[in-house]
Amino acid sequence: MTHLSLTNIHKQFATTTVVQDFNLEIEKGELISFLGPSGCGKTTTLRMVAGFETPTAGAIVLDGEDITAQPPNKRNVGMVFQSYALFPNLTVAQNIAFGLEVRKMPAAEAKQRVKEMMALIHLEEFGGRYPSQLSGGQQQRVALARALAIHPHVLLLDEPLSALDAKIRVELRQEIRRIQQQLGITTIYVTHDQEEALSLSDRVVVMSRGRIEQVGAPFEIYNYPTSEFVASFVGQINLLPVNLVQAGERVVRIEGQTLRAGRSASHSLGGDVRLAVRPEEIHPGHVEGHNHLSGQVESIAYLGSIVRIRLALEDAALSMDMFNNHTLHLPQVGEQFEVHFPVEACWLI
């Protein structure tokens, strides 16, 4: 059953359109990520759900009620900001209780709710501390607890982890997912970090220039992108300019080498065609039945758990990722090197 519906949402500031033709239905208990580069309209869309911005056109319906024109305090929506936005003069417990006091909840009930929230975020012993006495990760946990204390219909998170270091981000996003699933709360999570979106979400909404490019489960978004933008923005991708030989069989040629693709991102192919393949799908050597390319090793980059080898073709380049281990045998820069990849692993755009 649809819990939150955004229909034909359009937002314009003066002469600038920031969101257009936005249509999305969110099920109860889903965690949806809005993923895209800065300026794509994801935060503006979130703010329209929160009530901080009003759509120029379109409707927002929550639990069957049109809330498009409702002020934020009438929507029962919880919001977590990138900057924490905690009150520095209030303790952790007082910050969490703030929304409950605004709603005039009885003191005993509010105290019990605060206790539950502090247990949920594993900060039971920090109730008497002030925000300045907490780490960034702890402050964001408090901001999350404050948003959840009011039992909102929808939880909105606007790039909540971007101010934290990498290790804390990974730990806290796991906590956010745990809490979200434990409470079964409908959640919209805004991020420009593809790893966050893919690891957290039930579905990902990829946005570009105010429009939805693609909506799907993380597996679908990564493995079956429907546009060049999605393929390029989500993960690493090789996009090789090719000449189409047989459109029906998806046979192409590049620099005298014939390749075949397993699928196409669109029903019709014409104009400039590119062969898309992920670096991790490419392997050294020759395997019968696979596509093959040969080029000169241009560079070798160590990226922790993987090693990225870049091959220079005549008018293009190809990246291959290999798992790093102490027995790994690598080619030399300048060496001629052959690679293979399955037909099913590549597609035409």
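**Close-up views of a predicted model**

**View 1. Helices α4 and α5.** The crossing of α4 and α5 is right-handed. The model shown here, as in every view below, is predicted. Helix α4 covers residues 136-149, and helix α5 covers residues 166-183. The two pack at an angle of about 20°, and their axes lie 11 Å apart. Angles under 35 degrees count as roughly parallel. Helices α4 and α5 are therefore roughly parallel to each other. On the α4 side, the meeting residues are Gly137, Gln140, Arg141, Leu144 and Leu148. On the α5 side, they are Ile168, Leu172, Glu175, Ile176, Ile179 and Leu183.

**View 2. Helices α3 and α4.** Helix α3 (residues 107-120) also packs with α4. Here the angle is about 140°, with the axes 9 Å apart. Helices α3 and α4 are therefore oblique to each other. Their crossing is right-handed. From α3, the contact is made by Arg113, Met117 and Leu120. From α4, Ala145, Leu148 and Ala149 take part.

**View 3. The six-stranded sheet.** Six strands form an open sheet with mixed pairing. The strand order is β13-β12-β11-β15-β21-β14. Strand β13 (257-260) is an edge strand, and so is β14 (263-264). Each of these edge strands pairs on one side only.

View 4. Strand β14 is joined to β21 by two bridges. Strand β21 spans residues 346-348. The strands β14 and β21 run parallel. Ser264 has Leu348 in β21 as its bridge partner.

View 5. Thr191 sits in strand β8, which spans residues 186-191. Its relative accessible area is 2%. Buried means under 20% relative accessible area, so Thr191 is buried. The Thr191 side chain makes a polar contact with the side chain of Glu196, at 3.0 Å. Neighbours within four places in sequence are left aside in the contact list for Thr191. Among the residues on that list are Phe34, Leu35, Gly36 and Lys42. Glu159, Glu196 and Ala197 are also in contact with Thr191.

Technical notes: Residues are numbered from 1 along each chain as its sequence is written. This is a predicted model: local features need pLDDT of at least 70, side-chain atom pairs count only at pLDDT 80 or more; totals for chains, interfaces and linings use all residues. Side-chain values use heavy atoms; hydrogens and water are left out. Two strands pair if DSSP finds at least two bridges between them. Helices (H or I, at least four residues) and strands (E, at least two) are DSSP runs, numbered from the N terminus. Buried means under 20% relative accessible area, exposed over 50%, partly exposed in between (1.4 Å probe, protein chains only). A polar contact is a pair of N or O atoms within 3.5 Å; within protein, one must be able to donate a hydrogen and the other to accept it, and residues adjacent in sequence count only if both atoms are side-chain atoms. Contact means heavy atoms within 4.5 Å. Axes are lines fitted to C-alpha atoms, for helices over the stretch in contact, and angles run from 0 to 180 degrees between N-to-C directions. Angles under 35 degrees count as roughly parallel, over 145 as roughly antiparallel, 65 to 115 as roughly perpendicular and the rest as oblique. A crossing is left-handed if the near helix is turned anticlockwise from the far one by less than a right angle, and right-handed if clockwise.
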